[in-house]
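Keep the sequence and the 3D view side by side as you read.

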Amino acid sequence: MSVLHERIGSSALYQTESGHAPEDSARVAARRAAGHAEHVDDFDMRHLRYFLTVVRAGTVSAAAQELRISQPSLSQQIKRLESRVGASLFIRSSRGVELTASGRAFLREIQSIPGQLRSAIAAAAPTPRVWPVGVCGGVPTEVLAEVQNGLAGEQADGAARAGTELRMRHVGAADQPELLHHGELAFGIVRLPVTTPGLVGAVVWDEPLGVVMRPDHRLAARPGLTWDDLATQRLLWYDEGCAPGYAETIPAQLAALGWRAELHPVDDQQALFVHTLQTACDLVALRPRLAVQGETQLHWRPLPTSAAPRERLAVTALAGGRAARVLAQVAERQGWPFLA
C-alpha cells in the first residue's frame, strides 16, 4: 500500500489489510485517553503542513508567520500532533527547534504526502482555479506583470481558462525548490543560476547590472566610474539564502573584471535595501537600471565595462509536472528562453 493510500484510506480498510483483528475496546480506550491516534483517519493534512513548515522555518515563530496563524495556536497544534503520533518530534530551545530521532523518521515517511495529494487532485481535476507563485525579493513590477500576462488563463492545451488566477507571495529563493517539490508552489520566480536539480525555467528578464548609490554619494557626479573608484566601495549584496547561485556568480564575474568587492550582506526586502544604502558613504549596490527607475532615493551609474554582468530572472517549475508543461507552452508563445 502506498503512503498516500495509507494516509487517506478508511480505518476499516486499514484494519482489514493489516491482517490483524481490531484491538479490544479496553486497549483502544486507553490509547485514546492518552491522545494517541488509532488510525490514519485521526490525522489531517493541516497537521502535516504545520509540521513541514516548522521543519523548514526552523522556529515556531517563523512558521506561524508564514502560515498566518498565532504562535500559541501553532505550538498547540504541534503538541497535538506529537500526542497523536505518540512521540516527541521536536527538541525546543531558545535558538529554535530541531528534529528528534522520531521526528526525523516521521519526516522521512510523510514529506512526500502533500505533493502526492496535489498530484492526485491534479489528475482528477486538471483545471486549477489558482496557480500559487513564489516571488523572490527585489523583483521589478514589470516582471510580475510579464509573468501575470503570460501565465494567467493558460492551460496545458493552450486554451484560455476562465477564472484562473495567479496567487503571488514573497518566498525566498532558497525556500522555493522545496515548496515546488512539495506542491505548495506551482511556479517560482528567482534569479539565475538555479543550482537545484529537477526544475525547468523560462527567462523573463535579462538586463545588465549597474552601480546604485544614494544621490549625494561622492561618486554620483563622476563623468564615468572606474574600477579604482569602485575598489574603495563595499558592495551591498544578497546573502546566499536570498539568492543562491546568483549571490556567488556575480561577485566572481566582478573579480574577473577587476573589482574584488568587500561584500556587505543584506536582506532582499526593498525598503531595507534602500535604507542601508542611505546610511553609509562607502556603500554601493548592483541593480539593472529599470529595477530602480523612479526611485528618487537612488542614483544609477553604468559599470566601467561593455560586458557588464547581467541579472536574469526566471519562472521555474518542477520538471515533468503540469506546471512545467504550461510553462514550456507559455515560453514558446511569449518568446521566453526555456531552460530544460
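The report below looks at a helix, its packing partner and the core they share.

## About the model

This is a predicted model, in which local features need pLDDT of at least 70 and side-chain atom pairs count only at pLDDT 80 or more, while totals for chains, interfaces and linings use all residues. Residues are numbered from 1 along each chain as its sequence is written, and side-chain values use heavy atoms, leaving out hydrogens and water.

Helices (H or I, at least four residues) and strands (E, at least two) are DSSP runs, numbered from the N terminus. In helix H9 (residues 141-151), Val-143, Val-147, Gly-150 and Leu-151 are buried, meaning under 20% relative accessible area with a 1.4 Å probe, protein chains only. Because they cover an arc of only 80° around the axis, they sit on the same side of H9; the arc is that of the directions from the helix axis to the C-beta atoms.

## The core

A nonpolar core is a set of buried Ala, Val, Leu, Ile, Met, Phe, Trp, Tyr and Cys residues joined through side-chain atoms within 4.5 Å. The largest one has 28 residues, and those touching the most other members are Val-147, Leu-151, Phe-187, Val-204, Val-315 and Leu-327. Elements giving two or more residues to this core are E3, H9, E5, E6, E11 and H15. H15 provides the largest share, six residues. Apart from this core lies another, of 22 residues, including Leu-219 and Trp-259.

Key
Buried < 20%, exposed > 50% of the residue type's maximum accessible area, 1.4 Å probe, protein only.
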